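Visitor: I would like to learn how to read a few features of this model. Where do we start?

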Amino acid sequence: MEETSREAVATAVQRVAGMLQRSDQLDKVEQYRRREARKKASVEARLKAAIQSQLDGVRTGLTQLHSALLDVKDIQSSLADVSKDWRQSINTIENLKDVKDAVVQHSQLASAVENLKNIFSVPEIVADTQQLIEQAELLQAHRKLMELECSRDDLMYEQYRMDSKNTSDMNLISIYFEDVQGLSDELAKQLWMVLQRSMVTVRRDPTMLVSVVRIIEREEKIDRRMVDRKKQTGFIPPGRPKRWKDKMFEVLEATVSTRIEGTQSVTREADKMWLVRLLEITRKYVLDDLIVVQNLMVQCFPPHYNTFNRFFGLYHNAVSSRVKELASEDLEANEIVSLLTWVLNTYKSTEMMGHPELRVECDINHLEPLLPQDVVDELLSKYVQTFTSNITGWLRKALETDKKDWQKETEPEADQDGYYQTTLPAIVFQMFEQNLQVAAQIDGDFKEQVLRLCLKQMNTFLIRYREEAVLYKEEHMRDRQLPQCYVQYMIAIINNCQTFKESINSLKRKYSQSSEPTDSDAAIERTLNEVAKEGCQFLLDEVFLDLEHHLNELLTRKWLTGSHAVDTICVTVEDYFNDFNKIKKPFNQEMTSEALRRVVVEYIKAVMQKRITFKSADERREGAERMIKEADQFKFLFRKLAAGEDTDRLCGAIAAIAEVFKLTDPTLLFLEVTTLVSKYPDIREEHIQALLAVRGDASREMRQMIIGTLSENKVSYSGVTQPIFKDITVPTITMTTMTTMTSMATAKLLK
């Protein structure tokens with residue numbers, strides 16, 4: 001408290017000091033004092049009020065707790081009194097068993113007396129009821145039937161209560177009332193007849209339909225009461241529950257089905273348009289009937305029947321069943337189109353189930369499909385069989401026409417960008433476009449399926465296209481002078497692959513809702529790439545066939561003494577690539593890169609074949625300088641041809657090998673070889689041995705030391721860059737080859 005007081009005094013002093021900072025404020029001291037006094041009084045008043053409120057709440061709570069305690073004690077005392085009275089009355093209840101039996105007997109006798117009049121008048125009531133049924137006075141007939149059933153059921157119930165095992169008395173009552181069940185069945189037949197003609201009845205005499213519904217509702221109530229009594233007593237009258245409401249819906253369902261099935265008036269033999277007529281009649285009947293249900297029949301049924309939705313579902317199921325029957329028949333192609341168009345388009349349109357008058361009551365989006373998807377797929381499959389056969393023939397014919405063009409002596413046409421092409425892609429995709437336009441008019445899913453079929457046929461066609469391109473190349477290899485425009489048409493084949501890709505993507509954007517790639521897309525992409533890459537390979541084979549003689553001159557004595565082989569190689573490659581510029585991207589870039597790689601690989605193969613062994617340091621220096629110069633020639637050429645970023649690395653392999661040959665100090669050979677291996681880790685031991693053999697001055701011990709050391713410190717190949725040495729094999733000298741070479745050397749010496 002003292003600390004709080006000190007803090008309060010300090011705060012007050014600080015506030016006073018803040019108020020009296022200037023001399024003119026001393027005149028307002030009295031005013032400040034009064035204002036602070038008022039604030040203090042206000043705070044004290046609020047504090048007192050809050051404390052008083054808290055005290056009042058505590059006082060009230062204590063009072064209520066005290067009252068609750070007294071009430072609990074009173075209840076405890078009352079429960080003890082009740083328990084005592086109940087224990088004392090057990091014996092008294094057991095003594096009243098005879099009275100209870102007498103009450104049961106009295107109840108049975110009273111029921112018998114009450115029904116005595118009805119019992120004696122049963123034959124008369126049966127006859128009256130039969131007459132009322134025949135006169136179609138259904139409500140009155142049902143009222144009398146209920147009287148008869150009530151008398152029978154009461155007697156049986158009392159007998160059951162008195163002696164449930166006495167079957168003879170039960171049978172006696174059943175025999176006496178045996179005509180009652182017959183009346184019930186007869187009345188039910190009349191009800192079902194009215195319901196079967198409900199569409200006509202509701203127009204002519206809706207009260208009759210209302211009477212039928214009222215009777216069925218009464219029977220439903222009696223069924224529920226009898227079932228509840230069975231749960232309590234175990235007794236239920238014969239014939240219960242009747243379940244007339246369930247039977248009513250079964251009759252209505254059968255009536256709707258019969259009406260839909262009866263719409264076929266002609267057959268295919270009599271009229272080729274029989275299915276179109278049948279579907280139109282079905283559409284009209286269903287629409288007219290549902291409008292009648294909405295405007296008239298709904299008023300004849302209780303609201304909880306949800307009448308319109310129920311009939312809507314019945315008609316939908318009946319139409320679905322009928323359509324399934326039609327789908328199972330041997331329909332022709334045009335009939336399949338008519339049926340699917342009606343099922344997938346007309347049925348939910350405003351001309352039928354989506355009619356404005358019906359849409360208010362029911363949402364067509366919640367309807368199940370008329371045909372299961374597997375049936376639709378089967379019909380579509382059946383329909384597209386003809387389409388498949390036709391398109392297969394069209395594609396075959398288009399390819400045969402294109403193959404004839406390949407033999408022409410004139411170059412193929414070029415597009416606006418100057419790239420060679422043939423008319424094949426345009427012909428193929430014009431066919432696809434026409435069929436997809438027809439499919440789009442039928443259904444979106446069908447359009448997708450036709451698109452998938454087109455793509456599937458496209459994949460098969462491309463496989464055949466690939467085979468024909470291979471045959472075209474093989475035919476050319478038998479006589480390289482024919483066809484005269486082989487290179488140009490092979491370029492057109494490669495360009496067609498890119499055109500096919502673009503056309504396929506265009507079709508998918510226009511006719512497909514999904515942008516996700518499919519297995520078919522991947523297969524087409526793969527096949528097109530294979531055709532294009534094989535075409536590029538065939539063209540490169542053509543180039544290297546012309547270069548073969550010049551490549552064989554590399555790394556030979558002739559090459560060392562002076563050869564223009566590399567000059568010729570560069571001129572030939574550049575000349576071919578003037579035509580290859582007519583290849584579309586990305587294949588032209590890939591082809592240039594592959595050409596560079598093959599040139600370098602062939603050059604290195606020439607080294608590994610050990611066509612020459614340098615005999616002196618001057619020969620090694622001269623050969624190395626020539627190799628470096630030729631590597632620069634290749635680099636200049638392929639940079640000009642835009643071979644890509646790998647140009648320096650590939651050409652650098654030739655220069656790196658030259659550095660191994662150029663080295664004058666054999667003791668540093670290991671370091672140079674190590675540098676070569678670090679740059680090109682895919683190089684193998686046999687390659688190193690071949691290089692050392694070509695160098696000619698490495699002793700056996702040095703070769704073993706270099707190979708052994710490199711094996712111990714082998715550099716792992718990461719696979720990030722394309723390997724150069726992987727596909728280069730080093731020829732091995734067998735015993736036969738050694739014998740042959742020795743014989744040849746001996747013969748030469750003798751000569």
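Guide: Start with what a helix is here: a DSSP run of at least four residues, numbered from the N terminus. Serine 198 has its place in such a run, helix H9, residues 198-204. Keep in mind that this is a predicted model.

Visitor: Is serine 198 buried or exposed?

Guide: Buried means under 20% relative accessible area. Serine 198 has 3%, so serine 198 is buried.

Visitor: What does serine 198 contact, leaving aside its neighbours within four places in sequence?

Guide: Contact means heavy atoms within 4.5 Å. With those neighbours set aside, serine 198 is in contact with Leu209, Leu252 and Met297. Its side chain also has a polar atom 3.0 Å from the backbone oxygen of leucine 195.

Visitor: Now threonine 572. In which helix is threonine 572 found?

Guide: Threonine 572 is in H22, residues 565-580. Its relative accessibility is 18%, so threonine 572 counts as buried. A polar atom of its side chain lies 2.7 Å from the backbone oxygen of threonine 568. Beyond four places in sequence, threonine 572 touches Asp546 and Leu547.

Visitor: Let us turn to a loop. Where does aspartate 330 lie?

Guide: Aspartate 330 lies between helix H13 (307-328) and helix H14 (333-346). Exposed means over 50% relative accessible area. Aspartate 330 has 62%, so aspartate 330 is exposed.

Visitor: Which residues does aspartate 330 touch, not counting those up to four places away in sequence?

Guide: Aspartate 330 touches Arg268 and Lys382. Take lysine 382. In sequence, aspartate 330 and lysine 382 are 52 residues apart; in space, their C-alpha atoms are 9.9 Å apart. Their side chains are joined by a polar contact of 3.1 Å.

Visitor: On to helix pairs. At roughly what angle do the axes of H26 and H28 cross?

Guide: Roughly 40°, and the axes come within 11 Å. H26 covers residues 669-679 and H28 covers residues 700-712. Angles under 35 degrees count as roughly parallel, and 65 to 115 as roughly perpendicular. H26 and H28 are therefore oblique to each other. H26 passes H28 in a right-handed crossing.

Visitor: Which residues of H26 and H28 meet?

Guide: From H26 come Leu669, Phe670, Val673, Thr674 and Val677. They meet Met702, Met705, Ile706, Thr709 and Leu710 of H28. Sorted by type, the residues of this contact are eight nonpolar, two polar and no charged.

Definitions and conventions: Residues are numbered from 1 along each chain as its sequence is written. This is a predicted model: local features need pLDDT of at least 70, side-chain atom pairs count only at pLDDT 80 or more; totals for chains, interfaces and linings use all residues. Side-chain values use heavy atoms; hydrogens and water are left out. Axes are lines fitted to C-alpha atoms, for helices over the stretch in contact, and angles run from 0 to 180 degrees between N-to-C directions. Helices (H or I, at least four residues) and strands (E, at least two) are DSSP runs, numbered from the N terminus. Angles under 35 degrees count as roughly parallel, over 145 as roughly antiparallel, 65 to 115 as roughly perpendicular and the rest as oblique. A crossing is left-handed if the near helix is turned anticlockwise from the far one by less than a right angle, and right-handed if clockwise. Ala, Val, Leu, Ile, Met, Phe, Trp, Tyr, Cys and Pro count as nonpolar, Asp, Glu, Lys and Arg as charged, and the others, Gly among them, as polar. Buried means under 20% relative accessible area, exposed over 50%, partly exposed in between (1.4 Å probe, protein chains only). A polar contact is a pair of N or O atoms within 3.5 Å; within protein, one must be able to donate a hydrogen and the other to accept it, and residues adjacent in sequence count only if both atoms are side-chain atoms.
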